[in-house]
Amino acid sequence: MLPLLRCELFKLTHRVMTRVLLLIVVIGLLAAYLLLGSTAGTNEGDTGLNDLRIRAVYDNGMFLVYQVGVILAVTLAASTIATEFGWGTIRTLLPRTAGRSAFLTAKLISLGLFVAVAVLLGFVAALLGSALVTALRDLDSSLGPGFVGHSLTSVVKTAYVILPYAALAFVIALWSRSSAAGIAIPIVAFYAEVLLTPLFNSTGALDWLPHALIYNNISSLMDSHAVVPKEDLPGRWQAAGVLTAYVMAFISLAFGRFLTRDVT
Amino acid sequence: MNSSVEQTRSQEPPTPGAASGPEVILRTVGLTKRFGAIVAVDGLDLEVRRGEVLGFLGPNGAGKSTTVGMILGLIAPTAGRVEYTSVPRRRIGAIIEWPAFYPYLSGRDNLRALALAVGGVPAARIDALLEYVGLADRPKSPYRTYSMGMKQRLGIASTLLCDPELVILDEPTNGLDPAGQREVRDLIPELAREGRSVVLASHLLHEVEHVCHRVAILRQGKLLHVGAVKDLLRRRSFLEITVAEPEQAAAIIRALPFVRRVSVQDERLAVIAPEERGADISRALGDAGLYVTAMVPRHSSLEDVFLELTDRESDTAGAGD
């Protein structure tokens, strides 16, 4: 398995797409901070400006990282497997490797590593953006209590909540052999959930459904920025369990399909 | 299952480079693949021997690529099995249908990626292979900028990366210029001399005729013929006889017990019979007062044999419909 992982990381690091996606995380975060910093209210007490302070990076900054990261992780997850079929490279690689399970495992681990790196870079970019806005708008630059601990927890949680959509993209791309389908369907699902969750909650009869889907559980782990009141969200452990179940289900589907599929 | 398969025993000396004789390194037993109602490969029994070059022939859709896919573990057989008797699957180098590599990586990096996936391939081997296939002067050009010929060369380099015991080449001269085609034709016997086995799938039958020890001919997933190329060509050779009364002469020749087939073309007869029986034919015609003007032994090309075999099977199938 280790040789395959080395191969995957070699391909990932030599691919322009990977670098562009990581660059988008950094530039996107910096641009968002500068844009918000220039348009937020003029007084230091304003909520908008407070959200851009360094001490809010692990909360608001990481929420931005999550939003950008989901789309980029979905893009890479779909592309990493669908292009192997599209370019025909899977036929070059598979016969020489340790097996299909090892091949898929290496792909998933490298994808997980990409998500981790993207989130870390996103955090650094958010920190930098926040520092710039803090300096430009003369905001309070204190880190607040437990900044490092909160930041570490937030980085881990952000990476974790991106995984269900990345895994969904991976399985759809594997199933359809299409990057487009692998990217489009999870993004549609992501936004559909954001739009439909308040609707489900308002109907009463289906108010249990959002708890069984992905977005509410992500909101629960991300602490804030939910589209429903915080008290309506599932508990954190329940949310973590539901998200884990989704990731495991998507990965199982991917393995089930890949291990039995003819590569023609 | 393959009652119609023609089998010929090789009368050639042991394959060059094969120190241990014709050891079977890979065998397919009743190998079958169905895609829905379509039978792509139908009960294929085939052996690949160490150090031999086996031509794998068949019209488009005959099941060649599906068979190769099953040998490489890319396609699961519906029935039957592939036995790797003395070669692990990872020691098989193959190009299937066309060379496939990562377009954003250079030739060297593509080989590096493959080498990393396999493990244990020294970096020096990559450079040596690039030099060997004539790609060393463009080490940094992305694969997407390669010409078809360069892609084929990289494909050949990739098949040799893991010091393979069996090399499967599917149309390896596709896109190559005449000099490149000659190089590949020279490379194949060289691989066999090194003790590797080569399976060569190609539509260029003169290429197969020149480099292969044996051929296996498929049609609609069924094995029509497997055997030594020389034996096959010898069996299909004929005598071209020029005689004054061809129809009358044909009737006399047909009556001879060793004659397999006689056809009349203009003033000439094409007689499928052992070459050494020419004198007997001449004598029989002379006894009937017909004198041979010319008698020339003609040897069929593999192309003639291939077309005859595949057309005949096609006719048989058509008659049965």
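Predicted model: local features only at pLDDT ≥ 70, side-chain atom pairs only at ≥ 80, totals over all residues.
**Rings, cores and a pocket**

Let's start at W87(A), which is partly exposed, with a relative accessible area of 26%.

The structure holds 13 aromatic pairs over all chains. In one of them, the rings of Y66(A) and F190(A) have centres 6.1 Å apart and planes at 70 degrees, so this pair is edge-to-face. It links distant parts of the chain: Y66(A) belongs to helix α4 (residues 57–86) of chain A and F190(A) to helix α8 (residues 179–203) of chain A, 124 residues apart. Both Y66(A) and F190(A) are buried.

Now back to our starting point. The rings of W87(A) and Y104(B) have their centres 5.7 Å apart and their planes at 55 degrees, so that pair is tilted. W87(A) lies in the loop between α4 and α5 (89–93) of chain A, while Y104(B) lies in the loop between β6 (92–95) and α2 (107–118) of chain B, so the pair joins two chains.

Together with F63(A), Y165(A), F190(A), Y191(A) and Y215(A), it forms one aromatic cluster. Leaving aside its neighbours within four places in sequence, Y66(A) is in contact with residues including T158(A), V161(A), I162(A), I218(A) and M222(A).

Which residues touch the most other members of the largest nonpolar core? Of its 156 residues, they are Y66(A), Y165(A), F170(A), F56(B) and I168(B). The largest share of this core, 15 residues, comes from α4(A). There is also a second, separate core of 17 residues, with A249(B), I253(B), I281(B) and L285(B) among them.

Aromatic rings in chain A also meet charges. The charged end of R257(A) sits over the ring of W175(A), 5.1 Å from its centre, and that of R261(A) sits over the ring of F85(A), 5.2 Å from the ring centre.

Finally, turn to the largest pocket, with a volume of about 300 Å³. It is lined by 19 residues, of which K64(B), S65(B), T66(B), E97(B) and D170(B) are the closest to its centre. Helix α1 (residues 64–71) of chain B gives the largest share of the lining, 4 residues.

Definitions and conventions
Residues numbered from 1 in each chain as written. Chains lettered and ligands numbered in written order. Heavy atoms only, no water. Phe/Tyr/Trp six-rings, centres within 6.5 Å; stacked < 30°, edge-to-face > 60°. Buried < 20%, exposed > 50% of the residue type's maximum accessible area, 1.4 Å probe, protein only. Lys NZ or Arg CZ within 6 Å of the ring centre and 35° of its normal. Core = buried A, V, L, I, M, F, W, Y, C linked by side-chain atoms within 4.5 Å. Contact = heavy atoms within 4.5 Å. 1 Å grid on protein atoms, 1.4 Å probe; cavity = no way out; pocket = protein on both sides within 12 Å on 5 of 7 lines; lining within 4 Å. Points joined across faces, edges and corners; volume = space filled by probe spheres on them.
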